[in-house]
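Here is a short briefing to read with the model open beside you.

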Amino acid sequence: MAAARNTGGRAPASIRTLWAIAKSPELALSEEDLHAVVFRETGKESMKKLTQGEINTLARVLQNMKDGVQRDTRSKRTDEGGDARTEKQRHKIYALCEELGWNNDNRRINGFVKRICNVDRIEWLNPSQCFKVIEALKKMVDREKQKEAEHGST
C-alpha cells in the first residue's frame, strides 16, 4: 500500500495555479510571456506535458518573480513616522527635491540632510533642521533657475 505524501496541508500546485500567479496584478504576464518562462525553466513548449515537480518549480519561480515586483514597487519614502511637527516641512522638502529632479533616489536627499544637519534620515529632523534644509534647497532651486535663464537668453 502506497503511503500518501504529506504536503503540509497545502494542495499541490497546478497549471491553474501557474496561470493565477502569472495573471496577478504584480506580474500581468501575457500568454506568450508565461510560455516563455515555462520553456526557460523546463525546456517544454506545452504546459500539459509538465510533471508535478516542474509545476511546483514553476510556481516557486513565478511567486519569486511576483514577490520581487512587490518589493520594487514599495515606496522608498517613509513619511509615516518621524516627527509629526515636521510633516508639512518634509512635504515642502520633497516638493523642492522634485524641482531639482532628486525624487528618483531617496538616498540623495538623505545624503544632503546628513551633510547639512548631520542627521541620517529626513524623517528624523526637528523643525529648525527642516527649516535649514528647506532654505538650502530653495537657494539651490534659485541657482538652477538662474542658470537656465542665462543659458536660455544666449
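Pro-25 sits in the loop between helix 1 (15-22) and helix 2 (31-42), where helices (H or I, at least four residues) and strands (E, at least two) are DSSP runs numbered from the N terminus. This is a predicted model, in which local features need pLDDT of at least 70 and side-chain atom pairs count only at pLDDT 80 or more, while totals for chains, interfaces and linings use all residues. Residues are numbered from 1 along each chain as its sequence is written, and side-chain values use heavy atoms, with hydrogens and water left out.

- Pro-25 is exposed, with a relative accessible area of 75%; exposed means over 50% relative accessible area, buried under 20%, and partly exposed in between (1.4 Å probe, protein chains only).
- The C-alpha atoms of Pro-25 and Lys-66 are separated by 9.0 Å, although these residues are 41 apart along the chain.

**The chain as a whole**
- The protein chain has 6 helices and 0 strands, and its elements run α-α-α-α-α-α from the N terminus on.
- Of the 154 residues in the protein chain, 29% are buried.
- Among contacts with a separation of 6 or more, 56% are between residues 24 or more positions apart; a contact means heavy atoms within 4.5 Å.
- The accessible surface of the protein chain comes to about 10900 Å², and 50% of this belongs to carbon and sulfur atoms. Accessible areas come from the Shrake-Rupley method with a 1.4 Å probe, and for residues only the protein chains shown count as cover.

- Leu-18, Ile-21 and Ala-22 are the buried residues of helix 1.
- They cover an arc of only 100° around the axis, so they lie on the same side of helix 1; the arc is that of the directions from the helix axis to the C-beta atoms.
- On the other side of helix 1, Arg-16 and Ala-20 are exposed.

**Helix 2 and its end**
- Helix 2 has 12 residues and reaches 16 Å from its first C-alpha to its last, close to the 16 Å expected at 1.5 Å a residue. The expected span is 1.5 Å times one less than the number of residues in the helix.
- Leu-34, Val-37 and Val-38 are buried in helix 2.
- Their arc around the axis is only 100°, which puts them on the same side of helix 2.
- Glu-32 and Arg-40 are exposed on the face of helix 2 turned away from its buried side.
- Just after helix 2, Gly-43 takes a positive phi of about 80°.

**An aromatic pair**
- Rings of Phe, Tyr and Trp (its six-membered ring) pair if their centres lie within 6.5 Å; planes under 30 degrees apart count as stacked, over 60 as edge-to-face and the rest as tilted.
- By this rule the count comes to 1 aromatic pair.
- Trp-102 and Phe-112 form an edge-to-face pair, at 5.6 Å centre to centre and with 70° between the planes.
- Trp-102 lies in the loop between helix 4 (87-100) and helix 5 (106-117) and Phe-112 in helix 5, so the pair ties together parts that are 10 residues apart in sequence.
- Trp-102 is buried at a relative accessible area of 8%, and Phe-112 is buried at 4%.

**Cysteines**
- With a disulfide taken as a pair of cysteine sulfur atoms within 2.5 Å, the count comes to 0 disulfides.
- The sulfur of Cys-117 is 7.9 Å from the closest cysteine sulfur, in Cys-130, which is too far for a bond.
- Cys-117 is buried, with a relative accessible area of 13%, and Cys-130 counts as buried at 0%.
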